[in-house]
Amino acid sequence: MLQQFNHLMDYIETHLTEEISGKDISKIVGLSDYHFKRMFSYMAGMSLNEYIKNRRLSVANVELINGAKVTDIAYKYGYQSIEGFSRAFREWNGFLPSEVTKNKIQKSFPKFSFFMDIRGGVSMEFKIEKKEKFNIVGVSKRVPIQFEGENNAILELAQSITEQQRNEMHQLADLYPHQVLNVSYDFDDGFLEEKGYLTHMIGFATAKENTFDDLEQLSIEESLWAIFPNQGPFPVTLQETTAKIYSEWLPSSGYEVADIPGISFTKYNGTSENVYSEIWMPVKEKIISDKLE
């Protein structure tokens, strides 16, 4: 996996003046564009789009110092106007392109290289489990994307569940863990910049079909699942475990994320200080694809 990541960094370097498509990315890393960008965000601490933008502006900075014209550089790196390029460059550098050309002001943003960093000898507990096709029945809502802290829109969704809906869900709930599941899917394109919305469902796992008009049903296809139990303060521990899955476990696991909604659940015990939860990541065995030359 790390080899594919580094191959993509090389590919980006040689195509900074061109559009880099999701299809190109998927072919190099062997993952869907969405899942790779999510993994990259956790590993790099920024979105892939932000990384590419920073690399382009860093190289543009060098070319401006070496005497290139602002107009030529703006269009070379995909900006539709000199004003748009100048604004983006000043936000990144702190100076206008003309000031950089005149005063030879240098700011750099190095190319990324990925390697495995072993920290503290802390292992992650997980198991790989095959699950047959099942359904989740419950309620859903489009909510703002939020990486840290409790999402108030999700709390409002939970509070909106009526007693009747709760009873109906319990009537259908016949599969582990026999309690509330949280499922997030249909992310907007701005997910990695923590922008836009996603669909969040709160419900129960069941082998039955939903028969209630006031509940929704989401079908989950048969899949392998990497299941990560964790315990600690909520929601910090859950969010930190998710980040470690993408940045540490997945790149070296021999698996890739399957195109199925991820699931989590939390067993509340009256306090948020020491809460048990599980993250279910749908996975499939990694298949090495041909690389782009």
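Predicted model: local features only at pLDDT ≥ 70, side-chain atom pairs only at ≥ 80, totals over all residues.
Pro229 belongs to strand β6, which covers residues 223-232. Once its neighbours within four places in sequence are left aside, Pro229 is in contact with Glu125, Phe126, Tyr276, Ser277 and Glu278. Ala158, by comparison, is 71 residues away from Pro229 in sequence, and the C-alpha atoms of these two residues are 23 Å apart in space.

Not counting residues up to four places away in sequence, Ser86 touches Leu96 and Pro97. Val180, in contrast, counts as partly exposed because its relative accessibility is 34%, and Val180 is found in the loop between α9 (163-172) and β3 (181-185). Apart from neighbours within four places in sequence, the contacts of Val180 are Ile202, Gly203, Phe204 and Phe265. The C-alpha atom of Val180 is separated by 19 Å from that of Leu198, which is 18 residues away along the chain.

## How two helices pack

Helix α1 (residues 2-13) packs with helix α4 (residues 48-65) at an angle of about 45°, and the axes of the two helices are 11 Å apart. This angle makes α1 oblique to α4. The crossing of α1 and α4 is right-handed.

On the side of α1, the contact is made by Met9, Ile12 and Glu13, while α4 contributes Leu48, Tyr51, Ile52 and Arg55. When these residues are sorted by class, the contact of α1 with α4 has 5 nonpolar residues, no polar residues and 2 charged residues.

## Aromatic pairs

A pair of aromatic rings is described by two values, namely the distance of the centres and the angle of the planes. The model has a count of 17 aromatic pairs. One of these is formed by Phe40 and Phe112, with 6.3 Å from centre to centre and 20° between the planes, and this pair is stacked. With a relative accessible area of 0%, Phe40 is buried.

Phe126 and Trp249 form another aromatic pair, this one edge-to-face, with 5.1 Å from centre to centre and 65° between the planes. This pair, too, links distant parts of the chain, with Phe126 in the loop between α7 and β1 and Trp249 in helix α10 (residues 236-249), 123 residues apart. Phe126 counts as partly exposed because its relative accessibility is 38%, whereas Trp249, with a relative accessible area of 8%, is buried. Finally, ring pairs link Phe134, Tyr176, Trp225, Phe265 and Trp280 into a cluster, and Phe265 is one of the residues in contact with Val180.

Methods. Residues numbered from 1 in each chain as written. Heavy atoms only, no water. Contact = heavy atoms within 4.5 Å. Helix = DSSP H or I, 4+ residues; strand = E, 2+ residues; numbered from the N terminus. Buried < 20%, exposed > 50% of the residue type's maximum accessible area, 1.4 Å probe, protein only. Axes fitted to C-alpha atoms, helices over the stretch in contact; angles between N-to-C directions. Parallel < 35°, antiparallel > 145°, perpendicular 65-115°, else oblique. Left-handed = near helix turned anticlockwise from the far one by under 90°. Nonpolar A, V, L, I, M, F, W, Y, C, P; charged D, E, K, R; others polar. Phe/Tyr/Trp six-rings, centres within 6.5 Å; stacked < 30°, edge-to-face > 60°.
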